[in-house]
Amino acid sequence: MDAELFLGLSAHAWITAVTVFSIFFVMARTRIPAEVAFLGALTILLVTGVVTEEEGMAGFGSEPVVVHAAFFVIIAGLMQSGVLYWLTKHVLGDPKNYHRAIIKLMVPISILGALLNSVNVVALFIDAVKIWSRKLNISPSKLLLPLSYAATLGGMCTLLGNSSNLIIAGLYMHQSGQPINLFEPLLPGLVLTIVGVLLVILFQRFIPSRESAEQSFETTSDYTVELLVPTDNPAVGETIEEAGLMQVKGGSLVEIVRFDKEIIMPVKKDEWILGGDRLIYAGQINEILELKRTHGLAAADHHVWSINDIDSKRKMRTAYVSFGSELIGTSMTECDFEQKNDVALVAVARQGKRIKGQPREIRLQAGDTLLLECPPKDDEKLEQANRRSLTFFDSHFVPQLGKRTIFSAIILLLMFLLSTIHALPLMAITMMAAGAMLATKCCRMDRVTKYIEWELLLILGTTVVFSVAITKTGIADVIAHGVLDICGSNPYVVMVVMCLLASLVSEFVSDVGSAAVFFPIMYQQAVLMGCNPMPFVMSLMLSVTISFASPIGSSTHMLIYGPGSFHFTDFARLGVVMHMVLLTVMLVIINLIYPLYL
């Protein structure tokens, strides 16, 4: 089986190649969760003997995984102690116009993106940015896109800023035995951040203005309410008009759902009423609900309320359907989401406009905004149970500021100081910082798991194994030779071609996956040409992060997709310009900083 079969590749090499490219296909074309796809691919490599058990498990104990796990604990400490709340409250300020708002937003966000990981920063500031947009009387999309771009740009400046940076740093240490400093990407990343911010300012007219889904909810009184006709109701057997249930005070009947799920819409005046019918009304909810008293109707199992929450025992929350969510393509009538979570779907907005009709019959899409009637407590439980399907951004948790706020801030500063002076390896420093957060009770042990993204840790561990398999089976060597045969032995041409490919792939699949696949190839090319690997490694690190032209090219873009009511193509309007210019600037600055030959 290990004999060369085709194009100089062994059976194990072909298994690895097909498995890795299948991952990209699954992530781009299906709704299978990324971590499930990665774990399945790892299983194939283990079962077929491509990697040993030791190699398979080694990835989960590698530096990128351990550093990320420790950093999640550090973020938990910063959140629970109030440091991030303080930053949210004081960093942005109060801009007077849109032009100043972009500057006052992007500069501090890019700094925080470098220090706290870009995804965490975007998730933290989404609500603050939406409040800003209301004050400036502009669409949230006009500020949410610069928010995502700024965090991504800032994330290029340190190894902690983006997950792909840590992956490449870990793989480089595995190959060369030399660690990459936490602030190694700072200079090229800083140049790209400055250029990126200037591009957003210069081409701000390309940022789309989309109506906010929340504004759609807030400005309309046309919500629907479902009322059930009991089987012993006197109206059974009468027409809608005879029973006085067509045009009622505060609204009108828009739909009837029969007990056998037959939907009657529009409703005619001579439509008969049957026991078990669900009558769907639209209008002023508090007035329509009077029908329960005046006409003997009952609240349906999944009644809905207005945004003013007329039932004091419940509250309204906004959530966005995540990419890859199991709710995509389904309606609430086809799943047990409401029953399982004790919530009711009130309304659905898509691309800033509320969808008319019965909300529970609407087939959901990625980015849809859901207005949910929820229990008054257990916010964290609701968010944790549905973190794969929905993203909530209306949490009102306000931490208590005090001595632990100071402790956690000092721990964070010491972590960066020790990393800067190379006192200890990055893994040891982040683990010490995480331990200090727990020891000083800046974060509670029972709440740390809320902040740990187990799916990401699984993906990071498996991508390290993929990179090992690509190197071990000779794929990296074959592809490296093939590219050199096509492009020649000019290192500049090779670097340009590989960075362009890596950045394009990253627009449609995970930047972490792209980093793991392209790293062994580029590293091998540098070795074959007798070049210094560092410029190739750093150019790849930045290339896979230059993903501005599609919402699935970056985790930060996916976070703002729903809140901004974006269209899929909105990112390309400015993103294509950002991609081309930043890629060009990056290639120039990398070759100015790092010599190709030692």
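I started at Asn137, which sits in the loop between α7 (118-136) and α8; helices here are DSSP runs (H or I, at least four residues) numbered from the N terminus. The model is predicted, so local features need pLDDT of at least 70 and side-chain atom pairs count only at pLDDT 80 or more, while totals for chains, interfaces and linings use all residues. Residues are numbered from 1 along each chain as its sequence is written, and side-chain values use heavy atoms, with hydrogens and water left out.

I noted that Asn137 has a positive phi of about 60 degrees although it is not a glycine. Most residues other than glycine have a negative phi. I then looked up Ser565, in the loop between α24 (555-561) and α25, and found that Ser565 also is not a glycine and has a positive phi, of about 55 degrees.

Entry two, helix packing. I turned to α8 (residues 141-155) and α25 (residues 570-593), which pack at an angle of about 25 degrees with their axes 12 Å apart. The two helices are therefore roughly parallel to each other, a term for angles under 35 degrees. From α8, the residues Leu145, Tyr149 and Leu153 meet Phe571, Leu574, Gly575, Met578 and Leu582 of α25, where contact means heavy atoms within 4.5 Å. I sorted these contact residues into seven nonpolar, one polar and no charged; Gly counts as polar in this scheme.

I found eight aromatic pairs in the structure, a pair being rings of Phe, Tyr or Trp (its six-membered ring) with centres within 6.5 Å. One of them joins Phe38 and Phe466, stacked at 5.7 Å centre to centre with 20 degrees between the planes (stacked means planes under 30 degrees apart). This pair links distant parts of the chain, since Phe38 is in helix α2 (residues 34-47) and Phe466 is in helix α19 (residues 454-472), 428 residues apart. Phe38 is buried, with a relative accessible area of 1%, and Phe466 is buried, with 4%. Lastly, I wrote down that Tyr172, Phe519 and Tyr523 form one aromatic cluster.

Methods
Axes fitted to C-alpha atoms, helices over the stretch in contact; angles between N-to-C directions. Parallel < 35°, antiparallel > 145°, perpendicular 65-115°, else oblique. Phe/Tyr/Trp six-rings, centres within 6.5 Å; stacked < 30°, edge-to-face > 60°. Buried < 20%, exposed > 50% of the residue type's maximum accessible area, 1.4 Å probe, protein only.
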